[in-house]
Structures are given as C-alpha cells and as structure tokens.
Amino acid sequence: MSTASIMLSSDLSSSLPLVNKGKVRDIYSVNPSTLLIVTTDRVSAYDVTLASAIPNKGAILTLLTAHWSQILKTSIPGLRTHILTLNLPPQIPPTLRKTYNHRSTQVHKLLPFKIAAIVRGYLTREAWDSYQKDGTVCGIPIPTGLKECQALPNGPIYTPSTKADVG
C-alpha cells in the first residue's frame, strides 16, 4: 500500500453509476445484482465527516473486513456474507485500478439491515441531551451530577440505534 496519496472522494462516474455517497464509503452499481463499495480515507466522528483524513484508512478497513469475514466463514459452517470479491470489476479502466485496488469490495446487492451498534463512553451529543432531561441514556439510568463530555463512571454502555437512510 502506498502512503503517497489520500483518497477523500472517489470518482468512478465515467465507469459506474454512483448509488450513494456516505460519510466514509461510496457505493456504485456494477450490475443489477452487484455493488462496488469504495472505502475512502475520510474520517467520521459523531455523524460529522471531518476535513482531515487518515492515509490508507480505506484500504486498511477493506482488508480488515475481508479478513474477518473469511475467518467467520471458516469458523461458522454455512455462513454467507455480502462480500463477493475484492477484485475490481472489468468496467474500471486500467488507469484507475491502482488507485481503487485494496479499498474496493464487490458485494451482493441486498436490502440493508438498518441498525447501528453504538458504544458510548462519554456524555456527549444525544447522550448528554437525554441525561439532562431524565438522567438516562437510551433508558439506561446514569449516576447524577455528571458534566457534559465526562466519562461514564461505570464504563461504556451499548445503545443500539437505527441507521439513517442517507449518510
């Protein structure tokens, strides 16, 4: 992997139609049953895409996902995932292959399961708003007297949520 460049945005519009541009990943249609997910180096924190980036973050996330998906498929007989291949589709021209290699995944086009697994360790944003109203975060009682951005005294809590349609 080269550290020479950072990918803040992908542009495969001359080769594939863009389906969605998220906070970190861009999704293109390869054919009616296959999508190409391109993971950029953008950084998202608290539902905000930051101006800065982490070099090779997209490639690292893509390769980690593929690695752990393979381990799970090996460990759990019959497990199927959305991942088809890390190979780029033939529509990607040779001049772009080096740029998109290791940060792109072809996947089955499926209906999304719109959940988010949020682990909160601090009283910030929605957690702080909720705490101020009724002393809870997602219905979980939190000790009184805490300040905004303070660490939760009993450690992180799991607060499941739903994913937005866009982003």
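Reader: In this predicted model, which residue's side chain is joined to that of Ser-9 by a polar contact of 3.1 Å?

Author: Ser-9 is found in the segment before strand 1, which covers 18–21. Apart from residues up to four places away in sequence, Ser-9 touches several residues, including Asp-26, Thr-40 and Arg-42. The partner whose side chain is joined to that of Ser-9 by a polar contact of 3.1 Å is Lys-21.

Reader: Is Ser-9 buried, partly exposed or exposed?

Author: Buried means under 20% relative accessible area and exposed means over 50%, with partly exposed in between. The relative accessible area of Ser-9 is 44%, so Ser-9 is partly exposed.

Reader: How far apart in space are Ser-9 and Val-24, C-alpha to C-alpha?

Author: In sequence, Ser-9 and Val-24 are 15 residues apart. In space, their C-alpha to C-alpha separation is 8.8 Å.

Reader: How many disulfides does the structure hold?

Author: A disulfide requires a pair of cysteine sulfur atoms within 2.5 Å. The sulfur of Cys-138 is 17 Å from the closest cysteine sulfur, that of Cys-149, which is too far for a bond. Cys-149 is likewise in no disulfide, the nearest cysteine sulfur being that of Cys-138. The number of disulfides in the structure is therefore zero.

Reader: What is the relative accessibility of Cys-138, and how does this residue count?

Author: The limits for partly exposed residues lie between under 20% for buried and over 50% for exposed. At 48% relative accessibility, Cys-138 counts as partly exposed.

Reader: With which polar backbone atom does the side chain of Ser-104 pair, and at what distance?

Author: The place of Ser-104 is in strand 7, residues 104–108. A polar atom of the side chain of Ser-104 lies by the backbone oxygen of Tyr-100, at 2.8 Å.

Reader: Is Ser-104 buried or exposed?

Author: Leaving aside neighbours within four places in sequence, Ser-104 is in contact with Leu-36, Ile-37, Val-38, Thr-62, Leu-86 and Leu-88. The relative accessible area of Ser-104 is 1%. Because a value under 20% means buried, Ser-104 is buried.

Reader: Where does Asn-87 lie, and is Asn-87 buried or exposed?

Author: Asn-87 lies in the loop between strand 6 (83–85) and helix 2 (94–100). Its relative accessible area is 53%. Since exposed means over 50%, Asn-87 is exposed.

Reader: How far apart in space are Asn-87 and Val-107?

Author: Asn-87 and Val-107 are 20 residues apart in sequence. Their distance in space, C-alpha to C-alpha, is 11 Å.

Reader: What share of the contacts in the chain with a separation of 6 or more comes from residues 24 or more positions apart?

Author: The chain has three helices and 13 strands, and its C-alpha trace spans about 60 × 40 × 25 Å along its principal axes. Among contacts with a separation of 6 or more, the share from residues 24 or more positions apart is 51%.

Conventions. Residues are numbered from 1 along each chain as its sequence is written. This is a predicted model: local features need pLDDT of at least 70, side-chain atom pairs count only at pLDDT 80 or more; totals for chains, interfaces and linings use all residues. Side-chain values use heavy atoms; hydrogens and water are left out. Helices (H or I, at least four residues) and strands (E, at least two) are DSSP runs, numbered from the N terminus. Buried means under 20% relative accessible area, exposed over 50%, partly exposed in between (1.4 Å probe, protein chains only). Contact means heavy atoms within 4.5 Å. A polar contact is a pair of N or O atoms within 3.5 Å; within protein, one must be able to donate a hydrogen and the other to accept it, and residues adjacent in sequence count only if both atoms are side-chain atoms.
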